[in-house]
Amino acid sequence: MTSRQPRSPAEWASLIGSAAIVFFVVALIVVQIPGEDRPAAPTARVEDVRRVGEAFHVEVAVRNRGDRTAAQVQVTADLTVGEETSTAEQTVDFLSGGEEQQVIFVFDEDPSSGELRVSVTGFAVP
Amino acid sequence: MSSVALPAAAVPARDTGGPSPGRRRQGQSWSEEGRDLVRAASGGLLFGVPLLYTMEVWWLGSHTSPGRMLVVLAALFGILLVLNATAGFRRSRDVTLVEAVEDSVKGIAVGVVMTAFVLVVLRQVTLETPLTNAIGSVVNESIPFCLGVGVARLLLEGDPGMAEDEGGADGRGGGHGAEDGSDGSDGANASTGQSDEASLRTNAADIGGTALGAIVIGLSIAPTDEVPMLASAMAPSWQVVVVVASLVISYTVVFIAGFSGQDRRRQHQGLFQRPVTETLVTYLVALVVAAALLWTFQRDLTPADDLLTRVIVLGLPAAVGGAVGRLAL
């Protein structure tokens with residue numbers, strides 16, 4: 001058995017502060033447990049279209065509306081102008097629950113002169 | 001409060017500053033407690049920085065389940081408990097189980113906070129990062145940080161008696177010149193000459209130590225894709241944040257954390273041996289090493305205007321390595 005001097009105010013302060021930090025982190029982890037069962041549900045929508053030089057940049061927001069993470073999210077954009085359809089693809093490596101990421105598609109034609117469709121065509125479950 | 005004494009097996013007998021050798025000091029002042037926590041943070045940085053430049057671990061945070069995170073934290077607590085009983089971040093070891101438990105809680109808190117700090121500096125945790133992702137990244141990245149906290153004392157703790165001997169032997173100690181001066185009639189001139197020589201040698205040792213440490217840490221990071229990836233997403237204003245963080249970390253590790261070489265370093269004489277000047281000069285050395293490593297691994301080719309950003313990004317771990325190198329020499 002070892003005798004022990006009382007803790008100093010500094011030791012009390014660091015102990016209480018540290019315990020509060022650890023408790024806060026554990027609490028943040030624990031509150032995620034009930035909501036982790038909704039499957040991943042990535043969706044895509046056009047955010048903005050702008051002309052950059054001779055090209056047209058289409059900014060698309062890819063958002064996971066589920067709770068589970070989606071990996072290798074394939075996003076496809078089809079631009080139909082007249083009879084001709086241009087297709088572009090992008091891949092988002094990881095999209096955690098509720099996360100949103102931006103991807104940019106580049107077309108030679110003005111999307112406003114035709115029909116533009118963006119969609120998520122598939123993803124992997126990590 | 002009753003306390004359970006821990007077994008003393010495998011406990012280093014040395015103590016570099018505690019009032020009773022081999023025993024954990026109680027009733028610490030604010031400055032002592034603060035310095036112990038800074039030492040813990042420094043140990044975590046030395047151990048954890050390389051993993052912070054690993055993109056797979058950033059991504060792992062997005063799909064780490066809460067249950068797995070809790071298991072990781074529990075395992076870290078257990079490991080820290082053992083480390084605090086044998087090594088730890090205090091200048092003297094924990095004697096009782098209660099002390100080891102308290103220091104393990106503090107160790108995890110320091111590890112988590114430092115990990116979050118560096119991830120914020122590297123823009124891997126931002127206000128836009130989902131909470132799940134951020135917590136997952138911090139918990140996974142904090143593993144080496146917490147282990148570094150647990151071995152902070154042993155990481156750079158030399159034999160204090162040997163350190164003093166070295167300080168006297170190589171002419172770095174403040175009292176050595178005075179001793180020389182009292183030995184002969186032309187002692188003043190001899191002392192000045194020896195002091196200049198010692199100063200030159202000390203400056204060269206600092207630059208060499210910084211370069212060596214920066215190379216050791218930076219070598220494993222420079223060839224990877226993480227450096228250009230981080231640099232490409234970093235605004236000029238944020239580069240200033242990385243520079244300031246690198247300088248603060250370098251200064252803290254060498255001059256505040258209380259590792260074995262600190263007192264000796266404060267007594268160094270030379271052109272840039274003041275703590276702030278030395279930190280600035282050695283940071284420049286770390287940047288030069290970072291640039292050289294990027295050139296070596298052909299990471300500096302395109303785009304050229306992004307080169308400075310990449311040097312600054314790699315300069316952070318290089319500065320940490322440089323600090324270790326200076327303390328080790």
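This is a predicted model: local features need pLDDT of at least 70, side-chain atom pairs count only at pLDDT 80 or more; totals for chains, interfaces and linings use all residues.
## Salt bridges

Over all chains, a search of the whole structure finds 13 salt bridges. In one of them the side chain of A:Arg45 meets that of A:Glu47, at 3.0 Å from N to O. A:Glu47 has a relative accessible area of 38% and is therefore partly exposed. A second bridge in chain A joins the side chains of A:Arg50 and A:Glu59, with an N to O distance of 3.1 Å. A:Arg50 is partly exposed, at 33% relative accessibility.

In chain B, the side chains of B:Asp306 and B:Arg310 form a salt bridge of 3.9 Å, N to O. Both B:Asp306 and B:Arg310 are buried. There is also a network in which salt bridges with shared partners link B:Glu33, B:Asp36, B:Arg39, B:Arg90, B:Asp103 and B:Lys106.

## Helix 1 of chain B

Helix 1 of chain B covers residues 30-52, which is 23 residues. At 1.5 Å a residue the helix should span 33 Å, and the 30 Å between its end C-alpha atoms agrees with this. The helix has a kink of about 40° at B:Leu46, shortly before the proline B:Pro50.

## Nonpolar cores

The largest nonpolar core contains 69 residues, and B:Tyr53 and B:Leu314 have the most contacts inside it. The element that gives the most to this core is helix 14 of chain B (residues 307-328), with ten residues. Domain 1 (30-157) and domain 2 (205-329) of chain B both give residues to the core, so the core lies between these domains.

Beyond its neighbours within four places in sequence, B:Tyr53 is in contact with B:Trp58, B:Leu122, B:Ile221, B:Glu226, B:Leu230, B:Val313, B:Leu316 and B:Pro317. Another core lies apart from the largest one; it has 16 residues, including A:Val58, A:Val73, A:Leu79 and A:Leu95.

## A:Phe123 in chain A

Strand 6 of chain A (residues 115-124) contains A:Phe123. This phenylalanine counts as partly exposed, with a relative accessibility of 36%.

A:Phe123 is 50 residues from A:Val73 in sequence, yet their C-alpha atoms are 4.2 Å apart in space. A:Val73 is also one of the contacts of A:Phe123 when neighbours within four places in sequence are left aside; the others are A:Ala40, A:Pro42, A:Ala70, A:Ala71 and A:Gln72.

Methods. Residues are numbered from 1 along each chain as its sequence is written. Chains are lettered from A and ligands numbered from 1 in the order in which they are written. Side-chain values use heavy atoms; hydrogens and water are left out. Helices (H or I, at least four residues) and strands (E, at least two) are DSSP runs, numbered from the N terminus. The expected span of a helix is 1.5 Å times one less than its number of residues. The bend at a residue is the angle between axes fitted to the seven residues ending there and the seven starting there. A nonpolar core is a set of buried Ala, Val, Leu, Ile, Met, Phe, Trp, Tyr and Cys residues joined through side-chain atoms within 4.5 Å. Buried means under 20% relative accessible area, exposed over 50%, partly exposed in between (1.4 Å probe, protein chains only). Domain bounds come from an automatic or database domain assignment. Contact means heavy atoms within 4.5 Å. A salt bridge is a side-chain nitrogen of Lys or Arg within 4 Å of a carboxyl oxygen of Asp or Glu.
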